[in-house]
Amino acid sequence: SENDLDRAPLMGAGPLYQLPTPALLLDWGVMTRNIARMADRAAELGVLLRPHGKTPKCPKIGRALLARQAKGLCVSTLLEAEQYFDGGIGDLFYSTALGPSKAERAASLLERGAQLSCVLDDPAALLEIAAIMAARGQTLPVMIEIAVDDYRSGVPASDARFRTLLQGLTTREGVSLAGIMSYAGASYGLHDVAPVQALTETHRQALVSTRDALRASGIAVERVSLGSTPAILHARTLEGITEARCGIYVFQDLMQAAIGACRVEDIAVSVLAEIISVQPHLGRFIIDAGALALSKDRSTASSPHDAGYGLVADAHTGAVLDGLYVSQVSQELGVVTARGALPLDTGRFRVGDRVRVLPNHTDMTAAAYTGYHVLQERSDSPQWLARFNHW
């Protein structure tokens, strides 16, 4: 996977000022360190990684993830599943509940040879999907999502719907029981390690107790899957869990830094923008990166370190410029102000200069682009080495 970068065509590589802005930058070295950190953590906890492919949307990066202790990828859309499969990655878990209207598309992936599994929490949907799969001679492995903290989707293991799902998955043609899963997404709203650890343990115990109850009734459960980057990074133990799902760790972002899941210097993706207006009388300057380039995600708003719509960093070094952040966005423009006085009278910030913006939520920001400009840091100035398209 590392050879993907070595073999990448230069495609006009050169200094950052040659790139049209806004542009999505990827520091390959920082990303590689993030991948290694999570792989080491998973090995320490004794679980296999199943990274989430929705974050990079790029088979080259998917292969870099799979090179380090990962079993397969998660995807959040069937388009992602198709694109990763076309890119040579076959073990895919569609971790968004599968709607019956998408069953034919999922069956086509199975027919092409993909090792596709999905998740369900609704018995009625299961009946429709099983009939479609059986009619096409396919068997779709299904994970049941357990509702642990009511953060999002899922069904409580004590609910009659859970028993109905089990019955359908163990008796009907077209589907089979792949395992059980939960998502500790509530960890993103916690700003200290101890509460994240407690939430993770609640999920672990719920999954393991459900697995044990099923085994006691004669139902084999081989796959027990738990997700969320903070949960995996801060878990005291994952005993009984077979698979850890997490995605944002590959790039990291300001939200992850705010909750202690990474440092700001671990953020591998940024947006290169140009200063297009300087307004000393208002103590601000304007960049050509707004809501479409940065997203309107405000996930750091509730943290002690509100980053607005992104922190502003030096274009050459990537170092955060003290106090500077994007305070407002319109469709194409971002307004940069400072926590204190913005020294616009020194000539430090001029029209035509470039800055980087670190995102609140990398998934949202990266999805707005068609690919990455991969950085190669040099002693004189940063260079972009190659462009990697999402697909």
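Start by selecting Q138, which is buried, at 17% relative accessible area (buried means under 20% relative accessible area, exposed over 50%, partly exposed in between, with a 1.4 Å probe and protein chains only). This is a predicted model, in which local features need pLDDT of at least 70 and side-chain atom pairs count only at pLDDT 80 or more, while totals for chains, interfaces and linings use all residues. Residues are numbered from 1 along each chain as its sequence is written, and side-chain values use heavy atoms, leaving out hydrogens and water.

Q138 sits in the loop between α6 (123-135) and β7 (140-145); helices (H or I, at least four residues) and strands (E, at least two) are DSSP runs, numbered from the N terminus. Now show its contacts (heavy atoms within 4.5 Å): leaving aside residues up to four places away in sequence, Q138 touches A107, L110, E111, M133 and G174.

Next, select helix α4 (residues 78-86), where L78, E80, A81, E82, Y84 and F85 are buried. Their cover includes α3 (59-66), β4 (73-75), β5 (91-94) and α5 (103-112). After α4 comes G88, with a positive phi near 95 degrees.

Now for some backbone geometry. Most residues other than glycine have a negative phi, and most peptide bonds are trans. Select K57, in the loop between β3 (48-51) and α3: its phi is positive, near 50 degrees, and K57 is buried at 17% relative accessibility.

Finish at T21 and P22, which are joined by a cis peptide bond with omega about 0 degrees. P22 lies in the loop between β1 (14-15) and β2 (23-27).
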